[in-house]
Amino acid sequence: MEIFKWIVLGALVLIAIALLVTNIRIVPQARAYVVERLGAYHGTWQVGLHFKIPLIDKIARKVSLKEKVIDFPPQPVITKDNVTMEIDTVIYFQITDPKLYTYGVESPMDAIENLTATTLRNIIGELELDESLTSREHINSKIRLVLDEATDPWGIKINRVEVKNITPPRDIQTAMEKQMRAERERREAILIAEGEKKSAILIAEGQKEAAILQAEAQKQAAIKEAEGQSEAILMINKATADGLKLIKDAELDDAVIKLKSLEAFQKAADGQATKIIIPSEIQGLAGLAASVKELVKE
């Protein structure tokens, strides 16, 4: 009997140790445990060592406090101008209150997905197709505000919402591609026309400047030529004046003057004139020359 008692006592001790060891919990970093006692919420265990009372306490949920990312499948939406397209979104969220997350909603991810889809349909329904394609930031901000307000009682914080893809119908995509191609061709034609216009303007300005420079060069040449002719006339007049002065200073007698007159008459007589008027002084000289010639003959 004593041995049986010791065996039972040892078994009880082992069971107690096993219960003690198996009910010790260590909560790791960035996690929290929601604990219930006798079916009611008792507390939230944070990082560290904790002990659970056997058969009384129960860990209802282990919650990760890290930021999570969930990618929802494409949702069909209709724009204001009745174009059906598909949009898929990505949501970044974080659990801030493990108790509200555990007891606030039955399936938080399904609730967030459905709320995102309905909010997205409401927002896109107020926008036309072109606005929907160019208003991603507006759509992201509006969805985030609605989701953050709705999920606050669930202990969830919506940090960011991103519209991942917007897929319009195939015929709309084809029309958009044609429109984009036409816009590119229009811009190309405008750029070519502007280039030709600038080229023509530059050519005209170059011709204008060349004509101005040519006219200026001709003007300067004419000025230089006139200045040269003026200087030549001045030099000729000066030379004539100097010659007359030298003749005056030489005090020539009448015989020399008459001889010079005869030389000048000889030059005039060699010309093409049909009539020549002979001065009286030269006539006398001519008679004198004839007399001298007769005397030499005799």
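The model is predicted, so local features are reported only at pLDDT of at least 70 and side-chain atom pairs only at pLDDT 80 or more, while totals for chains, interfaces and linings use all residues. Residues are numbered from 1 along each chain as its sequence is written, and side-chain values use heavy atoms, with hydrogens and water left out.

**The chain as a whole**

- The protein chain has 8 helices and 9 strands, where helices (H or I, at least four residues) and strands (E, at least two) are DSSP runs numbered from the N terminus.
- Of the 298 residues in the protein chain, 20% count as buried; buried means under 20% relative accessible area, exposed means over 50%, and partly exposed lies in between, with a 1.4 Å probe and protein chains only.
- Among contacts between residues at least 6 apart in sequence, 62% join residues at least 24 apart, a contact being heavy atoms within 4.5 Å.

- Helix α3 covers residues 108–125, and its 18 residues should span 26 Å at 1.5 Å a residue, which agrees with the 26 Å between its end C-alpha atoms; the expected span is 1.5 Å times one less than the number of residues.
- The buried residues of α3 include Pro 108, Ala 111, Ile 112, Leu 115 and Thr 116, and also Leu 120, Ile 123 and Ile 124.
- What covers these buried residues includes the strands β7 (75–78), β8 (84–95) and β9 (156–167), together with the helices α2 (98–103), α4 (129–134) and α5 (136–151).

**The packing of α3 against α5**

- Two packed helices are described by the angle between their axes and the distance between the axes.
- The axes of α3 and α5 come within 10 Å and cross at roughly 140 degrees, the axes being lines fitted to C-alpha atoms over the stretch in contact, with angles from 0 to 180 degrees between N-to-C directions.
- That angle makes α3 oblique to α5, since angles under 35 degrees count as roughly parallel, over 145 as roughly antiparallel, 65 to 115 as roughly perpendicular and the rest as oblique.
- On the α3 side the contact includes Ile 112, Leu 115 and Thr 116, which belong to a group that meets α5 residues including Ile 139, Lys 142, Ile 143 and Val 146.
- The residues of this contact divide into 10 nonpolar, 3 polar and 1 charged, with Ala, Val, Leu, Ile, Met, Phe, Trp, Tyr, Cys and Pro counted as nonpolar, Asp, Glu, Lys and Arg as charged, and the others, Gly among them, as polar.

- Ile 91 is found in strand β8 and counts as buried, at 0% relative accessibility.
- Leaving out residues up to four places away in sequence, Ile 91 touches residues that include Phe 72, Ile 112, Thr 116 and Leu 147.
- Arg 144 lies in helix α5 and is partly exposed, with a relative accessible area of 26%.
- Arg 144 and Ile 158 are 14 residues apart in sequence, and their C-alpha atoms are 6.5 Å apart in space.

**Two loop residues with positive phi**

- Most residues other than glycine have a negative phi.
- Leu 38, in the loop between β2 (31–37) and β3 (40–45), has a positive phi near 55 degrees and is exposed, with a relative accessible area of 70%.
- Asn 82, in the loop between β7 and β8, has a positive phi near 60 degrees and counts as exposed at 66% relative accessibility.
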